[in-house]
Amino acid sequence: MATATHRKQLFDSTDDHSHLLLQQHLQSSSDNIKDLSIVCWNQSKLRKHEQIRDAIWLLIDRIQPLYQRNNWDWEEKKEELTANDMHFVILMQEDFVIGFAAFMLDEEDAQWVVYCYDLHVAECCQGKGYGRLLIQFLETISKAIDMNKIMLTCFKDNPAMNFYLKLGFKPAYHSPSMCGDDSTSYEILMKSTKLSHISL
């Protein structure tokens, strides 16, 4: 599959679905929050919006202690998130960044997947369904371009682990625990986005 073709399909699909997803969320929300917007930007476009980029990095910096505690290279993580192929789904209320999901279109075992590299919701906005909305948006992208899965890596001591499990993620077949290795500090999680897909 041509990566360029997938990217074109990706950006063709996002604007078509963002308004519908937001309306569905607002209808089920008790907060009656207005003026929400959601965008899907590549790295190049994010670099042109310095205020939004800085707000995203403030959210990202919160997890640095988690990386240090698990002896993972924080500088490598930052390089990963600044890769040219990284995309960002950003949920905002006016100029305030409520949360975001950073993802790439990756190939895992000869299958294209939406790989979520990071997902954050501002502390003051947690517990209101915004994290779920961001995952739903990634699911919409995956389905729109005929991909099989969303995947991500999560530390075992990350409180977000329970959040992902509640949303239907489970350890992928090549996650360390599924290979008999319980000594690692992380799991590779996956969620099928195709009803006909049989998980390995």
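**Packing in a predicted model**

Pro-176 is buried in this predicted model, its relative accessible area being 8%.

Q: Where does Pro-176 lie, and which residues beyond its neighbours within four places in sequence is Pro-176 in contact with?
A: Pro-176 belongs to the loop that runs between β6 and β7, the latter strand spanning 186-192. Although Pro-176 and Glu-187 are eleven residues apart in sequence, their C-alpha atoms are 6.5 Å apart in space. Once the neighbours within four places in sequence are set aside, the residues in contact with Pro-176 are Asp-181, Thr-184, Tyr-186, Glu-187 and Ile-188.

Q: Is Tyr-67 buried or exposed?
A: The relative accessibility of Tyr-67 is 9%, and the cut-off for a buried residue is under 20% relative accessible area. Tyr-67 therefore counts as buried.

Q: What kind of aromatic pair do Tyr-67 and Trp-72 form?
A: Trp-72 is partly exposed, at 32% relative accessible area. The rings of Tyr-67 and Trp-72 are 6.1 Å apart, centre to centre, with 75 degrees between their planes. Because planes over 60 degrees apart count as edge-to-face, the pair of Tyr-67 and Trp-72 is edge-to-face.

Q: Which residues do ring pairs link into a cluster?
A: A search of the whole structure gives nine aromatic pairs, and one of these joins Tyr-67 to Trp-72. Ring pairs link these two residues with others into a cluster made up of Tyr-67, Trp-72, Trp-74, Phe-155 and Tyr-186.

Q: Which residues in α5 does α3 meet?
A: Helix α3 (residues 50-61) packs against helix α5 (residues 74-81) at an angle of about 150 degrees, the axes lying 12 Å apart, and the crossing is right-handed. By class, this contact has four nonpolar, no polar and two charged residues. From α3 come Trp-57, Ile-60 and Asp-61, and the residues they meet in α5 are Trp-74, Lys-78 and Leu-81.

Q: Which strands are the edge strands of the sheet?
A: The sheet is open and mixed in its pairing, with seven strands in the order β1-β2-β3-β4-β5-β7-β6. Each edge strand pairs on one side only, and the two are β1 (36-42) and β6 (170-171).

Q: Which residue in β2 stands opposite Cys-40?
A: Strand β1 pairs with strand β2 (residues 87-93) in the antiparallel sense, over seven bridges. Opposite Cys-40 stands Val-89.

Q: Which strands does α5 touch where it packs on the sheet?
A: Helix α3 lies across β1, β2, β3 (96-108) and β4 (111-121), and runs at about 80 degrees to β3. Helix α5 also packs on the sheet, its direction making about 115 degrees with that of β4, and the strands that α5 touches are β2, β3 and β4.

Conventions. Residues are numbered from 1 along each chain as its sequence is written. This is a predicted model: local features need pLDDT of at least 70, side-chain atom pairs count only at pLDDT 80 or more; totals for chains, interfaces and linings use all residues. Side-chain values use heavy atoms; hydrogens and water are left out. Axes are lines fitted to C-alpha atoms, for helices over the stretch in contact, and angles run from 0 to 180 degrees between N-to-C directions. A crossing is left-handed if the near helix is turned anticlockwise from the far one by less than a right angle, and right-handed if clockwise. Contact means heavy atoms within 4.5 Å. Ala, Val, Leu, Ile, Met, Phe, Trp, Tyr, Cys and Pro count as nonpolar, Asp, Glu, Lys and Arg as charged, and the others, Gly among them, as polar. Two strands pair if DSSP finds at least two bridges between them. Buried means under 20% relative accessible area, exposed over 50%, partly exposed in between (1.4 Å probe, protein chains only). Rings of Phe, Tyr and Trp (its six-membered ring) pair if their centres lie within 6.5 Å; planes under 30 degrees apart count as stacked, over 60 as edge-to-face and the rest as tilted.
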